[in-house]
Amino acid sequence: APVIFESTVAVSLLGHLAGAVTGQSLYRGTSFLLGRLGDTIASPLMTVVDDGRMARGHGSRPFDAEGLPTRRNVVVDRGVLKSYLLDSYSARRLELASTGNAARSIGDSPSASPTNFYLEAGAHSPEEIIASVERGLLVTELIGFGVNPVTGDYSRGAAGLWIEHGEIVHPVEEITIAGNLLDMFRDIEMVGNDLEFRGAMAAPTLKLRTLTIAGA
């Protein structure tokens, strides 16, 4: 059935994407996006940006942990994978150039990390997205971590609200939603206009054409 991810939950999907485009996941071979630069990996409604220079951004900084200037990187441009997020070491391993995304903790070596990572807002209000669903699920909570970073296979416990004829009719819980992240990104058919930064990563409400839903 169609599945809507509320904005606070849609951030988790963006987190899986961020993990798949960071340098260490790529050179270790633990990313389902390895070797996919230039490929269409998502719906044309999906544009994802990492912007280390965003004004008042939670992840903004003038330089990365290696002293290179940060910048605005368009990671996914209308569905096409345009850039990874790399520090100098991962860039050398992949025979690419650093994107100014090095970060480090005290005593650790630098590694690639997102700065302000977000999915650009779309044209529809959350209410319009709900009204577009004849019969489906609005996810308001995810439980557990059932994602394979190598294959992109996705299976997580969820709770939310059931929709009939464009209206919320009752709550649901103790269910599982499952798919593959590449299929899920490609199946995004509506993007909300409710992008709001509560941290360094943000996403608006998303509607996916279909996901497998299981439960009692």
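Lys207 counts as buried, with a relative accessibility of 6%, where buried means under 20% relative accessible area, exposed over 50% and partly exposed in between, computed with a 1.4 Å probe on protein chains only. The model is predicted, so local features need pLDDT of at least 70 and side-chain atom pairs count only at pLDDT 80 or more, while totals for chains, interfaces and linings use all residues. Residues are numbered from 1 along each chain as its sequence is written, and side-chain values use heavy atoms, with hydrogens and water left out.

**Salt bridges**

Lys207 forms a salt bridge with Glu189, a term that requires a side-chain nitrogen of Lys or Arg within 4 Å of a carboxyl oxygen of Asp or Glu. Because Lys207 lies in strand β13 and Glu189 in strand β11, this pair ties together parts that are 18 residues apart in sequence; helices (H or I, at least four residues) and strands (E, at least two) are DSSP runs, numbered from the N terminus. Glu189 is partly exposed, at 35% relative accessible area.

| Salt bridge | Closest N to O distance |
|---|---|
| Lys207 and Glu189 | 3.0 Å |
| Glu164 and Arg135 | 3.4 Å |

Asp187 sits in the loop between α5 (181-186) and β11, and Arg209 in the loop between β13 (206-208) and β14 (212-215), so their bridge ties together parts 22 residues apart in sequence. Asp187 is buried at 17% relative accessibility, whereas Arg209 is partly exposed at 47%. The bridge between Glu164 and Arg135 links distant parts of the chain, strand β9 (residues 153-164) and strand β8 (residues 135-143), with the two residues 29 apart. Glu164 is partly exposed, at 23% relative accessibility.

**Aromatic pairs**

A search of the whole structure finds two aromatic pairs, defined by rings of Phe, Tyr and Trp (its six-membered ring) whose centres lie within 6.5 Å, with planes under 30 degrees apart counted as stacked, over 60 as edge-to-face and the rest as tilted. Tyr27 and Tyr89 are edge-to-face, at 5.4 Å centre to centre and 85° between the planes. Since Tyr27 lies in helix α2 (residues 23-27) and Tyr89 in helix α3 (residues 88-94), the pair ties together parts that are 62 residues apart in sequence. Tyr27 is partly exposed at 22%, and Tyr89 is partly exposed at 39%.

Tyr118 and Phe197 are also edge-to-face, at 5.3 Å and 75°. Tyr118 belongs to strand β7 (residues 117-119) and Phe197 to the loop between β11 (188-191) and β12 (201-202), so parts 79 residues apart in sequence are tied together. Tyr118 is buried at 10% relative accessibility, while Phe197 is partly exposed at 29%.
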